[in-house]
Amino acid sequence: MRSVGILLGARSRGGAIAEATPLVFVVDDDISVRESVELLIRSAGWRAETFGSAREFLSRPQVLAPGCLVLDVHLPDLNGLDLQERVAVERSHLPIILITGYGDIPMTVRAMKAGAVEVLTKPFQDDVLLGAIGKAIERSRAALREEADVRALLENYASLSPREREVMALVVSGLLNKQVGGELGISEITVKAHRGRVMRKMKATSLADLVTMAAKLRIGPKRS
């Protein structure tokens, strides 16, 4: 698991990021397409940035804001499908809409399996593209909120003592306090005290809530 000490940010900050004005990136080697799509995006009230190649886009520093990538499949350097795979790993909060002058079923299947929101064949209607962008932006907002929630959980988890983390892992696995005590060699009363502190520090309202948190953090018992 990633080190909790180096993770910054909180739920409130993440929420603000998710609600920021969306930024839509457009990557297409045809300048006329770039300009027309940019005007369309701006007319809808979103920000837009355009790039003539995949390499040019990749050189742009990442931005933590809701948005999406409108990406031409056929590019002069790295093709759109290969760029899609890189973005899925490096910028997972950025959904992709693929556009192409000519499509085929294998390409469309590969794109959708890799997580593309939509695959549009040129020429496409303005409202179709705007609808796809709107759907992608909502997906991006949800991803950013989820990332913010996980960061907040990691910060709370970092405040637990080593013993409290052991107790939490065993409790969420379904063990009763007496069983947890047996596993750790401590009294049931001590387990209850640790469990109470875990609930407060994690801001959990119930055991079910704590189990959900542990699942998001991929926390489980470490028994020999």
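Predicted model: local features only at pLDDT ≥ 70, side-chain atom pairs only at ≥ 80, totals over all residues.
Good morning, colleagues. The protein averages a pLDDT of 89, and 92% of the residues score at least 70. Where does the mean pLDDT reach its lowest and highest values among the elements? The lowest, 60, belongs to helix H1, residues 11–18, while the highest, 98, belongs to strand S1, residues 23–27.

Let me turn to helix H8, which spans residues 177–184. Please locate Asn177, Val180, Gly181 and Leu184, which are the buried residues I wish to discuss. Why do these four lie on the same side of H8? They cover an arc of only 100° around the axis, and that places them on one side of the helix. On the other side of H8, Lys178 and Gly182 are exposed. As for what covers the buried residues of H8, this includes helix H7, residues 162–172, and helix H9, residues 188–202. Directly after H8 comes Gly185, and the phi of Gly185 is positive, near 75°.

Helix H9 brings us to Val198, which is found there. Is Val198 buried or exposed? Its relative accessible area is 2%, so Val198 is buried. Not counting residues up to four places away in sequence, Val198 touches Leu160, Glu164, Met168 and Leu210. Val198 and Ser161 are 37 residues apart along the chain, and their C-alpha atoms are separated by 9.1 Å.

Beyond H9, in the loop between H9 and helix H10 (207–217), we find Lys203. The phi of Lys203 is near 60°, a positive value in a residue other than glycine. With 58% relative accessibility, Lys203 counts as exposed. A second residue of this kind is Arg218, in the segment after H10. Its phi is likewise near 60°, again a positive value in a residue other than glycine. Arg218 has a relative accessibility of 79% and therefore counts as exposed.

I now move to helix H6, which covers residues 126–158. Two of its residues deserve attention. Arg141 is found in H6, and with a relative accessible area of 12% Arg141 is buried. Which residues does Arg141 contact, leaving aside neighbours within four places in sequence? They are Ala18, Glu19, Ala20, Pro22 and Pro66. The second residue, Ala143, also lies in H6. At 23% relative accessibility, Ala143 counts as partly exposed, because that class lies between the buried limit of 20% and the exposed limit of 50%. The C-alpha atoms of Ala143 and Val73 are separated by 24 Å, and these two residues are 70 places apart along the chain.

Between strand S5 (118–121) and H6 there is a loop that holds Pro123. The peptide bond joining Lys122 and Pro123 is cis, with omega about -10°. Asp72 has its place in strand S3, residues 67–72. With a relative accessibility of 4%, Asp72 counts as buried.

How many cavities of 30 Å³ or more does a search of the whole structure find? The search finds one. About 50 Å³ of space lies in the largest cavity. Its lining is formed by Phe25, Pro61, Gln62, Val63, Arg91, His93 and Leu94. Sorted by class, that lining has four nonpolar, two polar and one charged residues.

To close, I would draw your attention to two points. The buried residues of H8 lie on one side of that helix, and the cover over them includes H7 and H9. Thank you for your attention.

Key:
Residues numbered from 1 in each chain as written. Heavy atoms only, no water. 1 Å grid on protein atoms, 1.4 Å probe; cavity = no way out; pocket = protein on both sides within 12 Å on 5 of 7 lines; lining within 4 Å. Points joined across faces, edges and corners; volume = space filled by probe spheres on them. Nonpolar A, V, L, I, M, F, W, Y, C, P; charged D, E, K, R; others polar. pLDDT = per-residue confidence, 0-100. Helix = DSSP H or I, 4+ residues; strand = E, 2+ residues; numbered from the N terminus. Buried < 20%, exposed > 50% of the residue type's maximum accessible area, 1.4 Å probe, protein only. Arc of directions from axis to C-beta. Contact = heavy atoms within 4.5 Å.
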